[in-house]
Amino acid sequence: MEVGSLPVELWRVILAYLPLSDLGRCCQVCHAWRELILSLDNTRWRQLCLGCPECRHPNWPSQPHVEPPSWREALKQHALATRTWTQNGPEVQSTACLLFFRRRKDRRVWHVGPGCEYESLRGVLAVVGPYDRVILHPGVYEEQAEVVLKVPVELVGLGQLGEVALLVCMEQQCPTARLCNLVFMPPWFSTVVYKTSWGHVQLDNCNFEGAQLQVRGPGTCQARFCSFSQGSSAHLLGVVLSLLDSCDFSGSDTASVTVEGPPVSEKNWACKHLAVLARTFTSCGASGNSDSPSRGHLTGSSARQQTPGTNVTKEHVNSTDWQRRTQVDAVCRGTVIEDCWSDCDYSEGEEESKVGELTNTKNPFKLDYKIPFDNHGLSHLLKPQQDGSLPLASSSDPPCVIPEPFTLQQELNRDPEAQILAASTFGCILRRCLFREGKGGMHLSNYGQARLEGNVFRGLNYAVRCIQNSTIVMLRNEVCECRSSGVFLRLSAQGLIAENNIHSNSEAGIDIRKGANPIILCNKIHSGLRSGIVVLGNGKGAIRSNQIYNNKEAGVYILFSGNPVVCGNHIFRGQTAGIAINENGRGMITENVIKENQWGGVDIRRGGDPILKNNYICFGYSDGVVVGERGRGLIEGNHVFYNKGCGVWVMSSSLPQLLGNYITHNCMYGLAVLCRKDPENIEAREGNWPGQDGIGREGGSGERIGVDGEGREGQENFNEEGELFAWESDLDSEDERHSAHRSISVALVERNCINYNGAVGLYVKSSEPLNVFSNLIKSNHGTGIAVLQSSQLTRLVSNCVIHNGRGGVTVEKDCRVELRGNGIYKNSGHGVSFSGTGHIVETDVIGNRGCGIQVSGSVDIKVLRNRVQPVQGCGIIVLGLVRGVVHDNLLFQGHPESKKPLLHVEPGNETCVLRNNSVLRHNNSCSSAPLWVLENPPPRPPASPTSGLSSSQYPSRLGISMTTRISATVESGCHSGSMFCSIL
């Protein structure tokens, strides 16, 4: 018969009446017939799949409204799965194309029920032969004692699911068995309705109501389209491999699935067949989303997919765009931070310089009187590169190349350990299951192993709890609306958590503690009522390439000796800090993009001691980096830009090391070092808020004050076990805690670029010593460096302070400051305005519009061996009764028409000693070449091997991690109108 003899539409109508076996035979007639049969996917194949009493919708229970890609393929996979239980005998092994339709010739069918040959289950099981089928007619079958299966048998309920109910406790003592279309309820003497310790059991389309399924290794289990309700659960002890596919778990009193103990060394016959079935679903992270677009854009533009090592996208960011988004003036002109000092007011010298500048423009003098200083020790940061582009330190634009997160495939290619975990099939495998409205989802303990793929966990107390050296692999699951943490790891748990959607949980999305060490890759962790990821109590782990956003507390929260590696993540739009490291937390935090957070991008305090390298911290609604009371850490090579507050905010009682950072285009100060005992908001700055004593204890609560000043009541920490955590037993010793960093006793600011900020570049109001070495401070809207309070010595050494909108360096009364070896060039106000106590030694002060060095009101000052050339003001001017020494300075005349004296001391000052100062003035020649040059030594700051800013030559995207949450209130403090952030 030719296919073409009838219209194709008629053939489809005719073929739609054929049973499955006839469709299979028709496929073998010819190629045209085969194509015609395959075209019936949405009609006949769909009817056959949904009409099968042994299965449900292929996407049941989590997405029953979504149709599968192919109904025929779904039916094929179902047929393969239903035959697993018969594959232990040699007779069924066949390579024939009619494998699905092969049947055992000696199988018998037994009917049980009212009016049948047997009316009880126990009676028929006494006479069945191997692989016989027992059909149970509708009714309730109850046995008063345990029923034993001694031969392989198939038990099938007749009719709709729910019409056949078994109140039995069955023990399997045979190699294999299958149960289909049955409802299991516990008998009066046991909650366990089925158990096996060495055979394989296959469960298809069964319901468990208030009952427990128990499998003990080397026994195995395959459950498909089963429901576990009313407190039912599956308990697997030492299993080598078991598969739970498309099951529904609801209303559990404990964990819905418990996996306990390491897999036993002995394997039964079904393990190899289950492994094949598991791999049919495991498209695995190994082949996952390598073609998906990159995520986490800095400004919302789309990015191209990048190969490993080139995972960056060019995004042109400018102040106009950011100003429009944040609705603030990006330069914040006239920012006033202290009542007694304003960065907006011009000094008398600055006003005079502006008047003089206007006057001199009318009669410009042709002589080039300016001393060149372009070859100072940091000049390589300002000169154009070989391709003509400006280096980042000199560019008026922020970074335009922002790293994108790696895809899972790229991460697996970089990490062999993660690749092995992603491809592994071991222990209990759960896929496409739904866990809802119960106490717990999956519980692993005592070296248990499990793989979770494509499941949904919703409305539970917790989704996954992995403890006691257990191993978990979670791929592409959804974890949401849990009443405590979503995923909980502790006590040396480990594994791989990748490409999951973890959101809307009451506590942390992932909670890592007590030695747990998972690998967390490419997840979306968002919209949590607390933090995204919490690492504490010696927790570790690798947290890489995740998107962590829109959480109410810190995106990543590290405390109590937590020590993860946080690398390559996008952490954004959090309602508090992006990353918080407190209470002796540590960690390696590298190459993250931390943006658009309401509070600090990174908050470090109370013994927090991280390594913060090569991150992009930007577009924050408060400060970029906050180092609060007793904060420590190495902060190196970061790009901190376009934050609405300060770039970096440091409390003077902390001991950070800031090395080689780019701190640019922030709305307020570039770097602010503030005193611990400021008169206002003392509690907020010291981190003392109501409810703070509740940290780490059940019932801790307190008020949380946001950036806008509004408060809300704190939540009680949900401690599911009701225990009091004794953190003292989890903490490292003090020596271990700080072994990763070189010990320092003074905060260090070295080799940073602090440019184009809206107020002062470096603002100091400190009660502790501070070292500021070899920094480039350029083109800030306010003064380059302002020291308003410094009761202990602040050392400013080998810095370049250039092109700032006010003065170069300002030191207020009662401050102890040493300036040595600096280059202070072309600032709009005084080069140095000094009213404190200290030294100004071997500093070049050239081309500033106000005075070169102005000294006033000092108690004790030494001005030694400096080279000074003002534009038109005084070179060195001493105002008031200053006690000090001014000697061996070299002063150059600035503009030839300037009438200001180069060296001036007010009459009546007998306590200031002038000695061996040299003054050089112009002659009358009109030469276009500079009259003087700075040599022996060349222009300061001096060149040194460490003068270059750090680059991105650090190990990238390493990883370590762990899980558990602590009750901690989160508070904000306001710094006299600034939006400085604080987080516990």
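A charge sits over a ring if NZ of Lys or CZ of Arg is within 6 Å of the ring centre and within 35 degrees of the ring normal. Arg465 meets this description with Phe488, its charged end being 4.5 Å from the centre of that ring. Arg465 also lies over the face of Tyr462, again at 4.5 Å from the ring centre.

The model is predicted: local features need pLDDT of at least 70 and side-chain atom pairs count only at pLDDT 80 or more, while totals for chains, interfaces and linings use all residues. Residues are numbered from 1 along each chain as its sequence is written, and side-chain values use heavy atoms, with hydrogens and water left out.

The nonpolar interior comes next. A nonpolar core is a set of buried Ala, Val, Leu, Ile, Met, Phe, Trp, Tyr and Cys residues joined through side-chain atoms within 4.5 Å; buried means under 20% relative accessible area, exposed over 50%, and partly exposed in between, with a 1.4 Å probe and protein chains only. The largest core has 130 residues, of which Met170, Leu179, Val257, Met442, Leu489 and Ile510 touch the most other members. A second, separate core of 16 residues includes Ile371, Phe373, Tyr662 and Ile802.

The structure also holds 14 aromatic pairs. Rings of Phe, Tyr and Trp (its six-membered ring) pair if their centres lie within 6.5 Å; planes under 30 degrees apart count as stacked, over 60 as edge-to-face and the rest as tilted. Phe184 and Phe208 are a stacked pair, because their ring centres are 5.0 Å apart and their planes stand at 15°. Phe184 belongs to strand 9 (residues 183-185) and Phe208 to strand 12 (residues 207-209), so the pair ties together parts that are 24 residues apart in sequence. Helices (H or I, at least four residues) and strands (E, at least two) are DSSP runs, numbered from the N terminus. Phe184 is buried at 0% relative accessibility, and Phe208 is buried at 0% as well.

Phe184 and Phe208 form one aromatic cluster with Phe228, Phe249, Phe435 and Phe457. Leaving aside residues up to four places away in sequence, Phe228 touches Phe208, Leu213, Ser233, Ala234, Asp248, Phe249 and Ser250, where contact means heavy atoms within 4.5 Å.

Arg431, in strand 22 (residues 427-431), is buried at 6% relative accessibility. Its side chain makes a polar contact with the side chain of Asp245 at 3.0 Å. A polar contact is a pair of N or O atoms within 3.5 Å; within protein, one must be able to donate a hydrogen and the other to accept it, and residues adjacent in sequence count only if both atoms are side-chain atoms.

Helix 11 (residues 416-423) has buried residues Ala418, Leu421 and Ala422. They cover an arc of only 100° around the axis, so they lie on the same side of helix 11; the arc is that of the directions from the helix axis to the C-beta atoms. Pro416, Ile420 and Ala423, on the other side, are exposed. The cover over the buried residues includes helix 10 (408-414) and strand 25 (449-453). At the start of helix 11, a side-chain oxygen of Asp415 reaches to within 3.1 Å of the backbone nitrogen of Glu417.
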